[in-house]
Structures are given as C-alpha cells and as structure tokens.
Amino acid sequence: MTPPGSTGAPRSVPWRVHGVLARSRANGPGLRFTVWSQGCSLGCPGCFNPETHRPEGPVRTAGELAAAALAAAGDIEGVTLTGGEPLEQPAAVAAFCAEVTARGGLGVVGLTGFTREEIEADPGRLAAVADADMVVAGRYNPRLHLGAGLRGSANKMYWARTGRYRAADFEDVPETEMVIAPDGGLVVTGMRAATAMAARAAEGLR
Ligand code: SF4
C-alpha cells in the first residue's frame, strides 16, 4: 500500500541507517534483510543498542535499500526494520515497505519502542506500519528482560497486522548469529548478544 501523501517514488527518501544485514536469521522468522535505523530519542533505561541513539549517521535512501532487498527476494522470507527507532523516520520506512511488499511480496516485521497506542495516534507512524505484517511494540524494560524471542522485555507486545506471522513464529528465532560482513568485519546480532549488552548496561544503572 502506498502511504498517504506519498508520491509513490521512494528512491530519494533519505534514511539514516546504522547498519544492514542482507541475510539474517536472528531478526525474525526465516531469512531476513534487516535494517537498523540510526537515531532514537526514546531513552529506555538499559537499552542494549546505545550506539544507535545519536541522530547523525550515514544517509541512504529508501529506494536504494528496497532495491537491495528486492535483489535478494528469491531467497529471503522478508525484511525486518529495527534500530535505533525506525518510526522516528516514518517516511523512509513507509516508502521502503511499500516497495518491498508491492514488488517482492516480502513479509515485513517492525521492531519499535513506540506502543501500539502511540503508533495509532500518529498518522505518520501509522502510515509507516501500513505494510507491516507484525509489529513488536513498546519500550524496553530491563526489569522484564527476556532472553528469547524478539520482544526484549515481557511488556512489549506482538501486534499481528496480517495473518502472515504468529507470535509463536518469533519464539523460535535463533538467539544469536555471527556473520562475516563484506568488509571482513564480524557482525554479532540476536537476543543473546542483546542480553549480554543489556547486562553491561544494567551494571551502569546500578
Ligand atoms: S530499546 Fe529501542 S526504543 Fe528503547 S532506547 Fe533502545 S533503541 Fe530506543
């Protein structure tokens, strides 16, 4: 679905991006093209990804990333938007999701610190999840930390917007993965890595 107000031309919509993994198994069901947005102002105590908070970062475009995801469409199940806070850049997320669903039939998962109520109250955020099949919504709470699944903490909710995924599909997601990036660097992602980082952050809160 093309979001309200969109020109239908996502190519030039800017998107500050922290990182991209073209094929990830630890960020949702199946093999997924995963985008970490750069920038988050929500300030959850004990956040395990603080390097994604500052609003400055490399700028890509929604069209560029959609083209990369579509190039992999033959062997991936879908895309995952995480961060940082994807819904603080709603125009880019909306344009990207519209493109990959309309042209690739890819499933869309969004991980956000906003609650469902906050999303539904904001037309821009609601447009950004218009093509999402599953939204994992709500602030991270370190006192309710979960070591498995994709919620991060038990207060966060699975918001299934279509029948493509069920909450149970997310409980079997691998706890961690290590990927050699094209530049030779090692990328470690998944909830086990997040748990270790959350523990370090919790030390800092004491
Ligand atoms: S847990 Fe997510 S929403 Fe909360 S501060 Fe960290 S990046 Fe932002």
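## Surroundings of Arg151

In this predicted model, Arg151 makes contact with Val136, Leu146, Lys156, Met157 and Tyr158, when neighbours within four places in sequence are left aside. Arg151 itself belongs to the loop that runs between strand E6 (134–137) and E7.

Between the C-alpha atoms of Arg151 and Gly138 the separation is 8.8 Å, with the two residues 13 residues apart along the chain.

## The sheet

The strands of the model include an open sheet of 7 members, arranged in the order E3-E1-E2-E4-E5-E6-E7, with mixed pairing. Strand E3 (59–61) and strand E7 (157–160) form the edges, each pairing on one side only. On average, and with direction ignored, neighbouring strands of this sheet are turned by 25° against each other.

The pairing of E1 with E2 is antiparallel and extends over 5 bridges. Leu21 has Thr34, in E2, as its bridge partner.

## Helices on the sheet

Helix H1 (residues 62–71) packs on the sheet, where it touches E1, E2, E3 and strand E4 (78–82). The direction of H1 makes about 65° with that of E3.

Helix H2 lies across E1, E2, E4 and strand E5 (107–112). Relative to E4, H2 runs at about 170°.

## Aromatic pairs

A pair of aromatic rings is described by the distance of the centres and the angle of the planes. The count for this model comes to 5 aromatic pairs. One of them joins Trp15 and Phe96: the ring centres are 5.3 Å apart and the planes stand at 65°, so the pair is edge-to-face, the class for angles over 60 degrees. This pair links distant parts of the chain, with Trp15 in strand E1 (residues 14–24) and Phe96 in helix H2 (residues 90–104), 81 residues apart. Trp15 counts as buried because its relative accessibility is 0%, and Phe96 is likewise buried because its relative accessibility is 0%.

Phe96 also pairs with Phe33, with centres 6.4 Å apart and planes at 25°; the pair is therefore stacked, as the angle falls under 30 degrees. Because Phe33 lies in strand E2 (residues 32–37) and Phe96 in helix H2, this pair ties together parts that are 63 residues apart in sequence. Phe33 is buried as well, because its relative accessible area is 2%. Through these ring pairs, Trp15, Phe33 and Phe96 are linked into a cluster.

## Charges over rings

Two arginine side chains are placed over aromatic rings. The charged end of Arg125 sits over the ring of Phe114, at 3.9 Å from the ring centre. Arg161 lies over the face of Trp159, with a distance of 4.8 Å from the ring centre.

## Confidence of the model

The protein chain has a mean pLDDT of 88, and 86% of its residues reach 70 or more. Over residues 1–8, by contrast, pLDDT stays under 50. For residues 1–8 the model has 10 contacts beyond four places in sequence.

Definitions and conventions. Residues numbered from 1 in each chain as written. Predicted model: local features only at pLDDT ≥ 70, side-chain atom pairs only at ≥ 80, totals over all residues. Heavy atoms only, no water. pLDDT = per-residue confidence, 0-100. Contact = heavy atoms within 4.5 Å. Phe/Tyr/Trp six-rings, centres within 6.5 Å; stacked < 30°, edge-to-face > 60°. Helix = DSSP H or I, 4+ residues; strand = E, 2+ residues; numbered from the N terminus. Buried < 20%, exposed > 50% of the residue type's maximum accessible area, 1.4 Å probe, protein only. Lys NZ or Arg CZ within 6 Å of the ring centre and 35° of its normal. Pairing = 2+ DSSP bridges. Axes fitted to C-alpha atoms, helices over the stretch in contact; angles between N-to-C directions.
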